[in-house]
Structure formats: structure tokens, C-alpha cells
Amino acid sequence: MILTITMNPSIDISYPLEVFEMDTVNRVKNVRKTAGGKGLNVTRILKQLDAEVTASGLIGGFLGEEIKKDLDQNKIPHDFLPIRGETRNCIAVLHEGQQTEILESGPVISETEAAAFLKHFAKLAAKADIISFSGSLPEGLPSDFYSQMLQVCQPKPVVLDCSGAALAEVLKGKVKPKLIKPNTEELAGLLGRTVSTDVEELKTALSDPMFEAIEWIVVSMGGDGAFAKHFDKFYRVRILKIEVVNPVGSGDATVAGLTAAIEAGFSDEAILKQGNVLGMLNAQEATTGHANFANYQTLFDQVKVEEVG
């Protein structure tokens, strides 16, 4: 079973507009509302892969109940810890080829709720084969909370997709995730220097002592594919050009593909191919966290994974 964790989920609201008028009324007809947050995007893709998956994290209030209803309607098992605060809304206004986002910060988590979640998480983790942590931590939780979770669930393998202080704390901690998935900008932030897509520069970056004991590092590079390190092997992943409809959630789809492939014991090449193919399939769909698997094999066969010495 794959356990997905979303600590700061949301109701994602999409407002498509031909023109976004400032300081006046904008009327929207085709509104989309879905259970959101990076971890729930991962969860939906895993469900489409027919993986055995359970979603967890923190939810509260009316919007928290709406998330549970959404997951129930999609027959996705879940076991969230209820909190006193209200789960957030995240709004995306799609207009004139642009996307303007309005993101609520979400609830403030108390120390009591944080401690209760660690106990709740420990019980769920004991039943999981692999665990995916995705997204930001809500206010009130310390920046090392993911590190605390890693200690609670060891030795279970963890795929971690976060950034900033939370990722920096994990890299300083004693217990490491199995895989991290920074992009080049996040990688540069960790190292305190610019990082290009040059192979030698990426090899040097991923060999930095801060990444010691992390088995997999997968650096996403958007349309340029990915660069990866698995133990002492480096891989360049090249993808074909596609028509992008909605890139939101493509990184989460990649995480889902990587996680499921690792759980299934795939080869390095197949793990990297599946992750990148699912990211592309998500980008070709208007709905976040959705993939048209009719195109899976065609894309899989065209993704090139090359080991670079």
C-alpha cells in the first residue's frame, strides 16, 4: 500500500476567463472545484494507476468535509486527522494565456494537533510499503516536522517533494528519504549558487555532501526532461516536445509515477520513464491530477534515459 501525505490540503478552484477585468465584476461559467494540494494530486494519479493507495494529512471544517466527499466519490481511501482550523481554498484565475493564483495560507496547527498527528501517522505508516510526502507545511508546524515524520516511520521508504526550509531541515536530519525531487531553482537555493542544465554541473551539484545517504535525487527540468542520481549512477532523461494544456500538477504526477514504480521494483530506466511520462500526460489534460493512459505506451517508448559517466 502507498500512503500519501498532504499536510496543507485545499479546495482548488479554477476560474477560466477570456479576459480578467480589474476593479469590476467578472462572471465565470465553467468553474472547477477539486480536492487539492500536491499530495492529493499524487493520490489521484496513483488511483488511475490502479495502485493501492490511502490519503492522509490534516483537514478541518466545512472544506475538510468537502475533501472527504470528493475522495469518497472517487473511491479513494483516506484517513485524515481532524483539526480545529478550516482547510483552505486555493484559487487559480486562467485568463489570456496566463494564470493568476490566490492561495490562502490555511489553518494554524497547534502543538497538541501536531503531536496527535505523529501518533496517527505512525499507525498508518506501519501498514504502508512506501510513503509520499508532498507540499508545504501549514502554519504552526516547525520546519523540521517532515524530519520528525521520517523518524516516526523509519525504515519505510519515503518519496519527498517539498522545498525551502522544510527540505533543508530534512537534509540536515539523521533519517533520510529514499527520493527527493527538486527542480533546478530549488537545487540552486539549497546549494547557494546557480545551477544550469549542464551535465557536469549537475553531477557536481548532486555529489554535494548535503545529499549523502539519499538514494534517489531526481531534478525536474520542465520541457528539458530531468537529471537523476541513483546511488553512484547519473542519468539524463530526455522527453519529447508536447502540447501543454495545463502544467499544474505535472510534478505531482511525476512523483506518483516514481513512487509506484519504486514500489513495484522497476529498473532505474523504467522508474525514470514512468515518472516523466505521467508528468507529460498530466500536462496534456485540462484537469489537474489526471492522465489519459491511452497515450502512456507511446510516450514511454519515446522517453530516452541515458546513463552519463
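Q: Is Lys-38 buried, partly exposed or exposed?
A: This is a predicted model, and the class of a residue is read from its relative accessible area. Lys-38 has a relative accessibility of 32%, so the residue counts as partly exposed.

Q: Which residue forms a salt bridge with Asp-161, and how far apart are the closest N and O atoms?
A: A salt bridge is read from the distance between a side-chain nitrogen and a carboxyl oxygen, with a limit of 4 Å. Asp-161 pairs with Lys-38, and their closest N and O atoms lie 3.4 Å apart. The pair links distant parts of the chain: Asp-161 belongs to strand 9 (residues 158-161) and Lys-38 to helix 1 (residues 38-48), 123 residues apart.

Q: Is Asp-161 buried or exposed?
A: The cut-off for buried is under 20% relative accessible area. Asp-161 has 5%, so Asp-161 is buried.

Q: How many salt bridges does a search of the whole structure find?
A: The search finds eight. Two further examples follow, each within a helix.

Q: Where do Lys-172 and Glu-169 lie?
A: Both are in helix 5 (residues 164-172), three residues apart, which is about one turn of the helix. Lys-172 is exposed, at 64% relative accessible area, whereas Glu-169 is partly exposed, at 24%.

Q: Why are Glu-269 and Lys-273 separated by about one helical turn?
A: They are separated by about one turn because they stand four residues apart in helix 9 (residues 268-283). Glu-269 is partly exposed at 39% relative accessibility, while Lys-273 is buried at 10%.

Q: Which residues do salt bridges that share partners join into one network?
A: Lys-38, Asp-161 and Asp-252 are joined in this way.

Q: How much space lies in the second largest pocket?
A: A pocket can be described by its volume, its lining residues and their classes. The second largest pocket holds about 160 Å³ of space. Among the residues lining this pocket are Thr-34, Arg-44, Lys-47, Asp-70, Ile-76 and His-290.

Q: Which element gives the largest share of the lining of the second largest pocket?
A: Helix 1 does, with three residues.

Q: How many nonpolar, polar and charged residues are in that lining?
A: The lining of the second largest pocket has seven polar residues, three charged residues and one nonpolar residue.

Conventions: Residues numbered from 1 in each chain as written. Predicted model: local features only at pLDDT ≥ 70, side-chain atom pairs only at ≥ 80, totals over all residues. Heavy atoms only, no water. Helix = DSSP H or I, 4+ residues; strand = E, 2+ residues; numbered from the N terminus. Buried < 20%, exposed > 50% of the residue type's maximum accessible area, 1.4 Å probe, protein only. 1 Å grid on protein atoms, 1.4 Å probe; cavity = no way out; pocket = protein on both sides within 12 Å on 5 of 7 lines; lining within 4 Å. Points joined across faces, edges and corners; volume = space filled by probe spheres on them. Nonpolar A, V, L, I, M, F, W, Y, C, P; charged D, E, K, R; others polar.
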